[in-house]
Amino acid sequence: MVKQLVAAQNEFFDTQKTKDVAFRKQYLKKLQQEILDQEDAICDALYADFKKPTFESLATETQLVLAELKLAIKNVGEWSTPKRVGASLSNFPSKDWIQPEPYGKVLIISPWNYPFMLAIAPLIGAIAAGNTAIVKPSEFSEHTSKIISRIIRKVFPPEYVTVVEGGVEVSSELLAEKWEYIFFTGSTRVGKIVYKSAAEHLTPVTLELSGKNPCIVDSTAAIKLAAKRIAWGKFINAGQTCIAPDYILVHESVKKALADHIKDQITQFYGQQPESSQDFARIATSKHYEELKVMLKDQNLLLGGDCNDENQFIAPTLVDEPKMDSSLMEGEIFGPILPIISFTKESELHGYISKYPNPLAFYVFSSDKKFQKRLMDRYSFGGGTINDTVVHISNKNLPFGGVGQSGIGGYHGKYTFDLFSHHKSISKRGTWLDVPLRYAPYKLPIDWIKRIKHLF
Ligand code: NAD
């Protein structure tokens with residue numbers, strides 16, 4: 001089946017239909033309408049998958065995607081228009097321009113944690129840029145995958161855009177094909193597998209991967225507000241957010257105050273019994289639930305720690321001074337467990353932060369501008385926020401993505417269009433003049449050529 005779909009998409013791309021901007025716009029609008037029509041059903045699917053609260057489904061999945069669609073529909077014409085650039089003297093006379101062109105067939109593989117948004121947001125850019133696409137959503141968010149499949153089937157003919165559902169086997173089968181672009185969101189481990197497959201065909205990739213994101217709080221921070229913003233960013237989606245703060249590094253002089261305020265915030269957000277809260281999600285996969293339970297073992301808990309195997313609930317949990325060689329501090333936590341580590345001198349921070357190279361996100365809470373700048377300048381990370389968490393993702397003017405271990409490439413807004421476009425450079429030469437100097441036999445004295453400035 002995969003081979004047939006790929007062949008059909010090759011053929012369809014070859015018709016050149018997707019190069020027509022009006023055609024792309026028409027389908028983006030159809031997609032927009034269908035998502036609007038299905039918004040409640042999408043929220044229901046997300047709830048069925050991991051009890052994702054409806055507010056969070058709207059705010060972090062459907063509305064985010066609808067905003068991307070609105071922007072793409074409004075701007076696809078302008079984005080697709082070739083851009084004139086200045087000519088160089090060596091090419092005189094010429095007109096030079098950059099022409100965005102679609103790559104061809106795009107493969108989008110997405111994970112289960114924001115299962116709707118992470119499948120559809122890249123697709124919008126892929127379509128806006130004029131590609132065909134196959135989307136492979138996660139097998140672990142099956143209700144959402146089903147509705148994604150239904151929506152795509154209703155809006156697009158399969159030779160243009162289609163969904164292939166399934167797990168690792170299906171994903172591997174898709175990766176064995178030749179694509180013109182692969183967009184992968186998921187773990188760093190699988191990212192490496194995708195990168196290897198892409199290398200076989202020299203296919204360009206975007207890899208949206210993971211990291212262990214530090215959240216540094218110094219003694220000058222507005223502690224109560226920091227606690228609120230950290231608790232929000234950590235426990236939204238039950239901590240299953242790739243850019244959630246993973247662990248806190250807090251100055252010892254404000255550690256107790258910060259921990260107390262975070263505890264208060266958790267109670268304010270989810271009540272005394274978070275398991276009964278309508279606003280707190282569950283762990284989406286049993287495998288990950290079991291891994292998180294292991295992370296809780298032999299830790300000093302300040303709050304939480306309760307688990308319920310029946311519905312994969314893990315309470316918002318604070319861990320005091322975790323053992324650095326424990327599984328909690330080995331890799332990304334990706335759940336509602338927040339370790340708090342204290343430091344006394346700024347010089348101690350490097351030992352912790354450098355242990356986990358290239359985090360996807362980086363957070364600093366401080367009112368000391370020099371401290372903020374020192375940290376922002378020193379470390380390499382995908383993106384970050386000063387005095388808040390997670391919100392850098394919500395500005396479409398900021399490309400979202402990782403670096404090094406946390407990924408390759410950035411998207412959102414126009415960046416998604418650019419990412420799915422090859423920027424073709426074209427120089428159109430005039431024929432009324434042909435300066436003979438470049439042709440052999442070379443007559444220009446060598447020292448002249450060194451002296452001519454602004455030739456290139
Ligand atoms: P995952 O890497 O296990 O799976 C992602 C996708 O890859 C799924 O569709 C899955 O079916 C497929 N897949 C899994 N194993 C495969 C294999 N061996 N070969 C080919 N395909 C395979 O990730 P996940 O568990 O679904 O998602 C959680 C991870 O994703 C976390 O590490 C999280 O940080 C990361 N993530 C990153 C971002 C980002 O924007 N950078 C966003 C969300 C999640």
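Trainee: How many aromatic pairs does a search of the whole structure find, and which residues form one aromatic cluster?
Mentor: Bear in mind that this is a predicted model. The search of the whole structure gives 21 aromatic pairs. One aromatic cluster is made up of Y103, Y181, F183, F400, Y411 and F420.

Trainee: Which residue lies over the face of Y356?
Mentor: A charge counts as sitting over a ring when it is within 6 Å of the ring centre and within 35 degrees of the ring normal. The distance here is 5.6 Å from the centre of the Y356 ring, and the residue lying over its face is K212.

Trainee: What is the strand order of the open sheet with 7 strands, and which are its edge strands?
Mentor: The pairing in this open sheet is mixed, and the order is β10-β13-β14-β9-β8-β15-β16. Each edge strand pairs on one side only, and these strands are β10 (300–303) and β16 (383–386).

Trainee: By what angle are neighbouring strands of this sheet turned against each other on average?
Mentor: The average is taken with direction ignored, and its value is 25°.

Trainee: In what sense do β8 and β9 pair, and which residue of β9 is the bridge partner of P214?
Mentor: Strand β8, residues 214–217, and strand β9, residues 247–251, are joined over 4 bridges in the parallel sense. For P214, the bridge partner in β9 is Y247.

Trainee: Which strands does helix α9 lie across, and which does α12 lie across?
Mentor: Helix α9 (residues 252–270), which runs at about 135° to β9, lies across β8, β9, β10, β13 and β14. Helix α12 (residues 369–378) runs at about 165° to β15, and the strands it lies across are β8, β15 and β16.

Trainee: Is N311 buried, partly exposed or exposed, and which residues does N311 touch?
Mentor: N311 is placed in the loop between β11 (307–308) and β12 (313–314). Because its relative accessible area of 29% falls between the limits of 20% and 50%, N311 counts as partly exposed. Leaving aside residues up to four places away in sequence, N311 touches E275 and R282.

Trainee: Where are the cis peptide bonds from F92 to P93 and from A440 to P441 placed?
Mentor: Most peptide bonds are trans. The bond from F92 to P93 is cis with omega near -5°, and the one joining A440 and P441 is cis with omega about -5°. P93 is in the loop between β1 (83–85) and β2 (94–102), while P441 lies in the loop between β20 (421–429) and α14 (446–451).

Trainee: What phi values do Q16 and K51 have?
Mentor: Most residues other than glycine have a negative phi. Q16, in the loop between α1 (2–14) and α2, and K51, in the loop between α2 and α3 (54–80), are not glycines, yet each has a positive phi. The value for Q16 is about 75°, and that for K51 is about 55°.

How values were computed:
Residues are numbered from 1 along each chain as its sequence is written. This is a predicted model: local features need pLDDT of at least 70, side-chain atom pairs count only at pLDDT 80 or more; totals for chains, interfaces and linings use all residues. Side-chain values use heavy atoms; hydrogens and water are left out. Rings of Phe, Tyr and Trp (its six-membered ring) pair if their centres lie within 6.5 Å; planes under 30 degrees apart count as stacked, over 60 as edge-to-face and the rest as tilted. Two strands pair if DSSP finds at least two bridges between them. Helices (H or I, at least four residues) and strands (E, at least two) are DSSP runs, numbered from the N terminus. Axes are lines fitted to C-alpha atoms, for helices over the stretch in contact, and angles run from 0 to 180 degrees between N-to-C directions. Contact means heavy atoms within 4.5 Å. Buried means under 20% relative accessible area, exposed over 50%, partly exposed in between (1.4 Å probe, protein chains only).
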